[in-house]
Amino acid sequence: MSHSVKVMRDGLLEKRSSGLLQLWKKKRCVLTEEGLRLHKCKSSGDAQSSAFGSKAKELRFECMATVDCVEYKRGLVYFTIVMSTGKEIDFRCPQDGTAWNAEIALALVRYKNLQAVQTGRNRHLSSSHLGSSGEDEEP
């Protein structure tokens, strides 16, 4: 993700590990117009003051299919990000305020809509360019 991208939300989420034990690990997450960046937390005791590591995993919207499987249990929201490859990544967060899943889903829809508009514009421009050459016109 580029450095000039607008940050829409920044905070903590828990991600289920893909290992055998599938433990929940805290991640410092940054939601932007291009996707979700996950940083490892360097815990200093206080979850809110956790610094984040320099290495980040990026879940780009261009590679995401949907935000799915929303469940509410014991004050937590559980949700899954489904990638275009079919890979599923599970997250959970506290059920207070605007839930991360809703913000990620809205940002994903916004991104996909902008891509569709751009694709439509490109098709329109290329078809109008072809039409103006006179090659497609009947005598």
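Where does L20 lie? In this predicted model, L20 is found in the loop between β1 (7–16) and β2. The legends below start with the whole chain and come back to that loop at the end.

**Figure 1. The whole chain, with 1 helix and 7 strands.** Follow the sequence along and you read β-β-β-β-β-β-β-α. The protein has 139 residues, and 32% of them count as buried. If you look at contacts between residues at least 6 apart in sequence, 41% of these join residues at least 24 apart.

**Figure 2. Inside the largest nonpolar core, a set of 22 residues.** The residues with the most contacts inside this core are L36, L59, F79, I81, F91, W100 and I104. Who supplies the core? At least two residues each come from β2 (24–32), β3 (35–42), β5 (64–73), β6 (76–83), β7 (88–94) and α1 (100–131).

**Figure 3. Close-up on I81 and its contacts.** I81 is one of the core residues with the most contacts inside the core. Setting aside its neighbours within four places in sequence, I81 touches L36, L59, M64, T66, V67, K87, E88, I89, F91 and I104. Across the strand pair, I81 stands opposite I89 in β7.

**Figure 4. The β6–β7 hairpin and the other partner of β7.** β6 and β7 run antiparallel and are paired over 7 bridges. Between the two strands of this hairpin sit 4 residues, and here G86 takes a positive phi near 100°. β7 also pairs with β1, again in the antiparallel sense, through 2 bridges. In that pairing, K15 stands opposite F91 in β7. F91 turns up in two other views as well: it is among the core residues with the most contacts, and it is in contact with I81.

**Figure 5. A nonpolar patch on the surface, made of L20, L21 and L23.** Back to the loop between β1 and β2, where L20 lies. Together with L21 and L23, L20 forms a nonpolar patch with about 400 Å² of accessible area. Is L20 buried or exposed? L20 counts as exposed because its relative accessible area is 86%, and the cut-off for exposed is over 50%.

Notes: Residues numbered from 1 in each chain as written. Predicted model: local features only at pLDDT ≥ 70, side-chain atom pairs only at ≥ 80, totals over all residues. Heavy atoms only, no water. Core = buried A, V, L, I, M, F, W, Y, C linked by side-chain atoms within 4.5 Å. Buried < 20%, exposed > 50% of the residue type's maximum accessible area, 1.4 Å probe, protein only. Contact = heavy atoms within 4.5 Å. Patch = residues over 30% accessible without salt bridge, like charges linked within 9 Å, V, L, I, M, F, W, Y side chains within 5 Å. Areas by Shrake-Rupley, 256 points an atom, 1.4 Å probe, with all protein chains shown as cover. Salt bridge = Lys/Arg side-chain N within 4 Å of Asp/Glu carboxyl O. Pairing = 2+ DSSP bridges.
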